[in-house]
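Here is a friendly briefing to read alongside the model. Please have the sequence and the 3D view open as you go.

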Amino acid sequence: MKSPPFEYARATSIEEACGLMHQHGDAAKLIAGGQSLVPMMAFRLLRPSWLIDINEIAALKFVTIEPDAVRMGACTRQCVVAHDDALAARLPLLRQALVFVGHTQTRNRGTVGGSLAHADPSAELPLVAQILEARLVLRANSGMRTLPAAEFFAGPMMTNLEPDECLEEIQWPIWRERKTGSAFTEISRRHGDFAMVAAAAQIAVDDDGRCMRATFGVGGAAPMPVAFPELAQSLIGHRLDKTKSRAVAQEAAAALEPDSDIHASAAYRRHLAGVLAARVLLHAYDTARSAP
Amino acid sequence: MSETLYSIAVEVNGTKRSGQVSARTSLVDWLREYLHLTGTHIGCEHGICGACSIMLDGEPVRSCLMYAVQADGHRIVTVEGLAQPDGRLSILQDSFCEAHGLQCGYCTPGMLIAAQALLDANPRPTEEQIRDAIAGNLCRCTGYQQIVDAIALAAERTAEGAT
């Protein structure tokens, strides 16, 4: 279907975008890549009176690698992140996740900030943000604030962004541990579709192969992507094998209460969560162990 | 209610085109209805099928997921822009004929754009890379095999021509 009528404004700076959002409030939506927003408008699920286009704001498109974090403008295209070798060397999980995000044509247009702000519970980037404890820098006319991912996501397709706030920057922590590994996987009907269930993990080990730091989580099996910090903490000081990773993953899956829908039943989603979490834990661990 | 019209100027297949559009006019509708470039097809109109793929500033994107007003100041190539200047088919287009890379033809413009973008970036793709490049384009006739063959043939022919 065609989108309902709306008024359009192309913002040329972050300040201008914030000003327009302040002026129009709930009636306005920011449009970045539009890969989720435009279909929602075509289906008439959303009828904003105004679209504020942030695609032309150069200040929202950057990737800066700092010692402890990658800072990224919210309007950075997914394809740019996927192709950035220097970034992949420091934070491989982003590229590992982006392999599963849509297709070439959608990654060329889709943005990192757009995916986070859309907050689809089965989307890949929100899961990565959740398990890495990314920080999201939000700006409004009245000032700026930074939220950790856990406080940014509020439910399925819901965030704690105020109506006049713009997501400006994402800060992805880089682990300093030398032997760090990560993994991402998911099951979907067709490659590039939204995941029925996705899982991601990042683990750092010492020279004896004992976990020094660990995080993992599951997407598509709850209203938001879920990280399991207590279970991850229980891995510290241990070596990981199939049995251990399965046991921890099963505990994580048991804590989930997924919904049934046309794509998968709740029982199948919980089953997948256990299987996929075990896979990423072991894969991340093995990658960390074999790191030089 | 009368809708606001926005002036746009877009380079389409090397020519500057301008127009007045309502904000809700999708880019593919503008290309087809106003510029009469009907080579680009509308399939699902919500970003699933890939039939409406075009190049935006040299990169393939879905033209049903952009509003025409957003293309103001940008450069677009549609399937009409792939042929050689004298109107003869490009190597890729001819390879689709040669390898029977189409049946009903509905997905073909999107397939050609996706394939051309691949070959521009990677002149000697593997089969896996070809399949990944057209993963966002649905075809209900061919089972994809002949499309993959056609793209591989085009890569081969281009390499031969270059030596």
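This is a predicted model: local features need pLDDT of at least 70, side-chain atom pairs count only at pLDDT 80 or more; totals for chains, interfaces and linings use all residues.

Residues are numbered from 1 along each chain as its sequence is written, while chains are lettered from A and ligands numbered from 1 in the order in which they are written.

**Strand pairing in chain A**

- Helices (H or I, at least four residues) and strands (E, at least two) are DSSP runs, numbered from the N terminus, and two strands pair if DSSP finds at least two bridges between them.
- Within this pair, Ile65(A) stands opposite Val70(A) in β5(A).
- β5(A) is also joined by five bridges to strand β10 (residues 166–173) of chain A, and the two run antiparallel. Here Ala69(A) has Pro173(A) in β10(A) as its bridge partner.
- Another antiparallel pair in chain A is strand β6 (residues 135–140) with strand β7 (residues 143–148), joined by six bridges. A hairpin through two residues links β6(A) to β7(A), and Ala140(A) stands opposite Gly143(A) in β7(A).
- As background, strands of a sheet pair through backbone hydrogen bonds, either parallel or antiparallel.

- Between the chains, 25 residues of chain A are in contact with 23 residues of chain B (two residues are in contact if their C-beta atoms, placed from the backbone, lie within 7 Å).
- On the chain A side, β1 (7–10), α2 (37–42), β3 (50–53) and α6 (104–107) each supply at least two residues.
- By class, the side of chain A that touches chain B has ten nonpolar, eleven polar and four charged residues. Ala, Val, Leu, Ile, Met, Phe, Trp, Tyr, Cys and Pro count as nonpolar, Asp, Glu, Lys and Arg as charged, and the others, Gly among them, as polar.

**Domains of chain B**

- Chain B is assigned domain 1 (5–81) and domain 2 (91–162), and their centres, taken over C-alpha atoms, are separated by 22 Å.
- Their contact takes 14 residues from domain 1 of chain B and eleven residues from domain 2 of chain B.
- On the domain 1 side, β3 (53–56) and β4 (59–62) of chain B each supply at least two residues, and β3(B) gives the most, with three residues.
- That side of domain 1 of chain B has seven nonpolar, six polar and one charged residues.

**The sheet of chain B**

- Five strands of chain B form an open sheet of mixed pairing, in the order β2-β1-β5-β3-β4.
- Its edge strands are β2 (15–22) and β4 of chain B, each pairing on one side only.
- β3(B) pairs with strand β5 (residues 75–77) of chain B in the antiparallel sense over two bridges, and the bridge partner of Met55(B) in β5(B) is Val77(B).
- α3(B) packs on the sheet and touches β3 and β4 of chain B, with its direction at about 40 degrees to that of β3(B). Axes are lines fitted to C-alpha atoms, for helices over the stretch in contact, and angles run from 0 to 180 degrees between N-to-C directions.

**Helix packing in chain B**

- The axes of α2 (residues 91–98) and α5 (residues 145–162) of chain B come within 8 Å and cross at roughly 130 degrees. α2(B) and α5(B) are therefore oblique to each other (angles under 35 degrees count as roughly parallel, over 145 as roughly antiparallel, 65 to 115 as roughly perpendicular and the rest as oblique).
- The residues of α2(B) that meet α5(B) include Ile91(B), Leu92(B) and Phe96(B), and among their counterparts in α5(B) are Ala150(B) and Leu153(B).
- Helix α3 (residues 108–121) of chain B packs with α5(B) at an angle of about 40 degrees, with the axes 11 Å apart, which makes α3(B) oblique to α5(B).
- In this contact, Met111(B), Ala115(B) and Leu119(B) of α3(B) meet Ile147(B), Ile151(B), Ala154(B), Ala155(B) and Thr158(B) of α5(B). Its residues divide into seven nonpolar, one polar and no charged.

Notes: Domain bounds come from an automatic or database domain assignment.
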